[in-house]
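Subject: Structure handover

Hello,

Here is the structure you will be working with. Please open it first, then read my notes below.

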Amino acid sequence: MNKTIKIALLVTGALAILAGAYFGWEYLNSAPTYSNPTDSADNNGSVGAAKLQILTNAEVFDFWMNKKTNEIYYLTKDGKISKLLEDKSSQAISSQNIPDLSYVEPSSDGLLALIAFGFPQSPSFSVFNTANKSFQPLPQGTTAVDWDPLSNNRVVYLKNGAGSSVLSILDLSSKKSSEIIKIFQKDLSLDWTSADIVYLNDRPSGEGSGSTWSLNIKSKIFKTISAEKPEVEIKWLTSKIGLKSSLGLLSLINTDGKETNTIRLRAAANKCLNDRLLIFCSAPLNQNSKTNSFDAELKKPSTQEGIYVISLVDYENRSSLLASSWPYNNELDTPINAARLEKQGGTLILLNRFDHLLYSISL
């Protein structure tokens, strides 16, 4: 368990009160009480419509947040970058068009953002620096990248080679690479979760089987974490705790891939945000029916979602975790299906996949 979680567990009571302030739920004996999401999805409260505030007029491809300044940056569908100002207006940061956008991955502090584009014909990656508004392209032939969890100055990347791929670490300041190991597996994504551990994942698909391996970059030892399971997606919350969705069902896993806690919520792991002892997820309002397949939802969102919260209070002593539905889910004045969630104080920022606009919502 990392230092952040250890400290957070010492102040569980205070965080529980904070969580109660967010949602009006009471905590009992340091453990929260929950409503069943299958029941709360049908709850028609008497409160007025919960307002989603539109933050952008332009259609947004993705966004990220500077964790130190709380500044929000977003990338339009044609690749132009802007910053959201306090008065909710936008300031253009880069007018460069970026073709065939694939995804955006910010560094841990949000000062830099990794932008993947040119997919699928010519995968390319570039790091955008919000401070000097510059781009730094990564080596040609790169197929997967992830940030050093302890630094915004290093990335691990996989590059196609003759007959094999090469996993290396790149120092962004010196622009020097150091090779870790050669591998023969193709079409992988990377998760660098701790100083020594990098996870290599089959890219998720509903049609094929997915596997995940861990690699100790010092000892060069591989370990199978998840093998031959369809629609598996893992999002690492800390260096020790992973959030896994398999066929839409959530669970917590340890570094060996073993499920430690089941979660009573049907959701995709990449639609969840970890905020110390709380996990916020955008998940289907109708928890009783099976959602569309992973691939179908990726291509075209069709499921109306709401906001749910999972508490990690005393999670080590509980095999099953419940998810509580935000009380105003059925009062939202705009249908949502979130691509990404970020938290800014007592506000959630979300990118709505239905209309590609950025919204804020007070918790």
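β3 and strand β30 (residues 358-362) run antiparallel and are joined by two bridges. Gln53 has its bridge partner in β30, namely Ser360. Strands here are DSSP runs (E, at least two residues), numbered from the N terminus. Two strands pair if DSSP finds at least two bridges between them.

Before you go on, note that this is a predicted model: local features need pLDDT of at least 70, side-chain atom pairs count only at pLDDT 80 or more, and totals for chains, interfaces and linings use all residues. Residues are numbered from 1 along each chain as its sequence is written, and side-chain values use heavy atoms, with hydrogens and water left out.

Back to the sheets. β3 belongs to an open sheet of four strands, in the order β3-β30-β29-β28, with antiparallel pairing. β3 (53-54) and β28 (338-344) are at the edges with a single partner strand each, so one side of each has no neighbour in the sheet. Strands of a sheet pair through backbone hydrogen bonds, either parallel or antiparallel.

Another open sheet has eight strands, in the order β20-β21-β22-β23-β27-β26-β25-β24, and its pairing is mixed. Its edges are β20 (232-236) and β24 (272-275); each has a single partner strand, so one side of each is left without a neighbour. From one strand to the next, the twist averages 25 degrees (axes are lines fitted to C-alpha atoms, and angles run from 0 to 180 degrees between N-to-C directions). Four bridges pair β24 with β25 (residues 278-284) in the antiparallel sense. Asp275 stands opposite Leu278 in β25.

Now a loop. Ser164 lies between β13 (154-160) and β14 (165-171). Is Ser164 buried or exposed? Its relative accessibility is 7%, so Ser164 counts as buried (under 20% relative accessible area; exposed is over 50%, partly exposed in between, with a 1.4 Å probe and protein chains only). Beyond its neighbours within four places in sequence, Ser164 is in contact (heavy atoms within 4.5 Å) with Lys159, Lys182, Ile183, Phe184 and Lys186.

Last, a pocket (on a 1 Å grid over the protein atoms alone, an open set of points with protein on both sides within 12 Å along at least five of seven lines; lining residues have an atom within 4 Å of a point). Of the 16 residues lining the second largest pocket, Phe117, Ser124, Phe125, Ser126 and Pro137 are the closest to its centre. β10 gives the most to this lining, with three residues.

Best wishes

Methods:
1 Å grid on protein atoms, 1.4 Å probe; cavity = no way out; pocket = protein on both sides within 12 Å on 5 of 7 lines; lining within 4 Å.
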